[in-house]
Number of protein chains: 2
Amino acid sequence: MQHRIALLGFGTVGQGLCEIFRDKRDELATQYGFEPIVVAVSDLRMGTVVSDSGLDVNRLLDLAAAGTSLEEYPGDVRRGGDALSTLANCNADSMCELTFTDVKTGEPATSHVRAALQAGMNVVTSNKGPAALFYRELEQLAREKGVRFGIEGTVMSGTPVLNLARLNLAGNRITAARGILNGTTNYMLSEMEAGKSYDEALATAQKLGYAEADPTADVDGLDALAKVTILANVLMGENLRPSDIPCEGIRGITPEDIEAARADGKRYKLLGEVRREGSKVTARVAPMQVELNHPLAGVMGATNAVTFSCDLLGDVTVNGPGAGRTETGYSLLVDLLEIHREMLSRGEALA
Amino acid sequence: MQHRIALLGFGTVGQGLCEIFRDKRDELATQYGFEPIVVAVSDLRMGTVVSDSGLDVNRLLDLAAAGTSLEEYPGDVRRGGDALSTLANCNADSMCELTFTDVKTGEPATSHVRAALQAGMNVVTSNKGPAALFYRELEQLAREKGVRFGIEGTVMSGTPVLNLARLNLAGNRITAARGILNGTTNYMLSEMEAGKSYDEALATAQKLGYAEADPTADVDGLDALAKVTILANVLMGENLRPSDIPCEGIRGITPEDIEAARADGKRYKLLGEVRREGSKVTARVAPMQVELNHPLAGVMGATNAVTFSCDLLGDVTVNGPGAGRTETGYSLLVDLLEIHREMLSRGEALA
């Protein structure tokens with residue numbers, strides 16, 4: 001069955017997703033009955049192209065690779081317009097919100113998400129802004145409209161976290177989740193443990209493309225903070241904002257701190273934590289010492305991990321990639337596949 | 001919505017599941033619209049009781065705790081008969097197969113599973129026998145009958161493994177899965193690393209109830225072998241039998257081996273592994289040396305873990321409990337909840 005998709009934003013993640021559509025076309029159709037048709041792409045820098053009968057993803061990827069405007073796409077398609085007008089003028093079943101992340105205002109992504117849900121489209125996104133700031137409202141809106149707001153990719157890229165909690169841990173009361181939610185700082189702490197200074201570790205992380213030129217979002221814990229907010233709201237039904245949650249990054253950690261922890265059989269990790277005690281939920285981001293035999297202690301380099309504490313099942317830890325072109329592109333696919341499975345299941349019941 | 005359940009076998013796992021039904025009744029109804037009604041219980045030792053309108057789980061648990069026959073259940077219910085006649089004479093939507101595990105013949109569990117599927121019931125089970133020996137056939141039968149064969153609990157109790165691969169890693173080609181699939185031997189190897197001899201480690205494991213009086217199934221790798229067979233057949237579409245797969249246990253591992261590995265920056269783990277190379281799938285169970293920085297190396301004690309290698313997402317590792325009354329009882333619940341979600345989704349589409 002065809003699944004019509006609109007992409008808002010066509011940077012690394014959008015292109016990563018389209019590469020998967022290109023490379024896995026037959027497999028997705030055969031195994032999941034999933035035939036993605038990209039009916040619209042709108043990118044602030046690259047322009048807008050819309051076709052109700054579908055665009056050729058090879059052509060879109062070629063234009064992006066060549067740095068050419070998407071509006072050079074040949075033939076009988078509609079061109080131009082902004083993200084919101086694109087949504088209003090396309091026939092997508094699902095919209096992928098892939099514009100830039102702003103965790104202060106959540107814009108323009110949140111307006112895109114709202115408009116798509118209002119129009120009865122499912123939304124999948126790896127953009128932390130809308131999810132960290134407006135999860136309750138957007139989830140509620142999706143529910144009212146009978147569609148889905150899929151945000152697996154906002155925490156640890158495609159590594160199963162939010163869907164895992166919802167589906168695979170269903171029936172448990174999750175009493176705590178603690179995790180290594182930022183790969184850059186985990187890489188830096190690993191390097192510092194291996195003898196580098198903070199500045200050297202940061203320089204290496206920047207050289208490898210893990211850290212931005214301005215590393216604030218990573219080293220001050222703001223990226224982890226957005227993810228902890230999402231965990232609190234999704235796993236524990238809270239309605240917290242990032243500004244409600246205490247947050248400390250790794251700038252204050254010295255080689256001496258790391259050595260003292262090691263002498264004590266422990267290891268520093270920048271952890272994000274949400275914890276339910278009775279009816280009270282607390283959350284924080286801070287460097288914490290972890291016992292070496294804890295599953296989070298062995299998570300080194302840019303890998304991410306989270307430990308769920310569950311009333312029935314006890315502790316379950318998942319670890320995997322936290323970023324990456326294909327890994328984050330995949331996070332959208334896995335949400336789309338689940339939405340598609342539900343569409344097929346409803347369709348079969350009606351047939 | 002009510003979900004009518006028949007339990008074949010009412011030992012630790014069946015009672016663990018009923019305790020969850022008892023303790024989470026309101027939560028399951030409110031959050032998942034899941035109202036489990038136990039309509040039949042048949043246990044070789046404790047007898048059989050059937051009621052189309054449902055049995056009181058408190059009463060069933062009390063009878064089991066008192067060591068009394070289930071047929072002492074009071075009032076207007078049907079009593080007596082074996083497992084197959086129970087299936088033929090009850091109105092269950094789903095059957096939980098919880099009789100004893102025999103990985104040589106798969107019986108009597110496989111006959112129970114076949115009969116239930118033939119009768120149009122979903123089947124959920126933590127019994128490794130049918131899944132290790134007859135997965136393809138039973139899965140095919142379930143598909144023909146439009147029902148589900150849920151076996152999450154056969155590998156690592158309720159820790160997400162098989163559903164994780166199917167749902168949360170959907171769209172990936174899984175090229176390998178390697179894991180610590182037996183808690184007893186992992187506990188023993190951890191103890192040996194801490195200085196115990198093989199015999200001392202085994203004695204402690206037996207004292208703690210991890211190992212049976214006859215520890216063969218654990219220490220010779222047969223338990224892990226059944227699980228590897230299931231992984232090969234479920235994740236990689238094979239149709240292997242345990243007897244097709246090379247299997248070596250931990251009896252041959254000496255303190256000297258463990259020390260030599262440690263000196264080399266490695267650690268012995270009894271691993272089960274399935275690996276796809278081109279069109280060829282290989283599987284094995286053997287003690288292997290794992291680099292200390294691998295996520296499986298840090299998994300100590302009775303914990304289980306598995307690393308999936310995926311073409312899109314890279315390596316994802318999940319670790320959690322591999323056994324236990326509540327943990328395995330929960331494995332059935334999570335499969336039932338997914339089946340129930342599909343029933344609700346079809347029902348809503350038809351409404």
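Colleague: What makes up the figure given for the area buried between chain A and chain B?

Modeller: Buried area is the accessible area, taken with a 1.4 Å probe, that two parts lose on being put together, summed over both, and for chain A and chain B it is about 3,300 Å², of which carbon and sulfur atoms give 58%. In chain A, the residues that lose the most area to chain B are A:Asn168, A:Leu312 and A:Leu313, together 19% of what that side buries. This is a predicted model, in which local features need pLDDT of at least 70 and side-chain atom pairs count only at pLDDT 80 or more, while totals for chains, interfaces and linings use all residues. Residues are numbered from 1 along each chain as its sequence is written, chains are lettered from A and ligands numbered from 1 in the order in which they are written, and side-chain values use heavy atoms, with hydrogens and water left out.

Colleague: How many residues does the contact take from each chain?

Modeller: With contact meaning heavy atoms within 4.5 Å, 41 residues come from chain A and 41 residues from chain B.

Colleague: Why is B:Ser309 called buried?

Modeller: Buried means under 20% relative accessible area, exposed over 50%, and partly exposed in between (1.4 Å probe, protein chains only); B:Ser309 has 18%, and is therefore buried. B:Ser309 lies in strand 11 (residues 304-310) of chain B, where strands (E, at least two residues) and helices (H or I, at least four) are DSSP runs numbered from the N terminus.

Colleague: What makes the approach of B:Ser309 to B:Asp315 a polar contact?

Modeller: The term requires a pair of N or O atoms within 3.5 Å, and within protein one must be able to donate a hydrogen and the other to accept it, residues adjacent in sequence counting only if both atoms are side-chain atoms. The side chains of B:Ser309 and B:Asp315 make such a contact at 2.8 Å.

Colleague: How do you know that the buried residues of helix 9 of chain B are on the same side?

Modeller: In helix 9 (residues 198-207) of chain B, the buried residues include B:Tyr198, B:Ala201, B:Leu202, B:Thr204 and B:Ala205. They cover an arc of only 160 degrees around the axis, which puts them on the same side of the helix, the arc being that of the directions from the helix axis to the C-beta atoms. On the other side of helix 9 of chain B, B:Asp199 and B:Lys207 are exposed.
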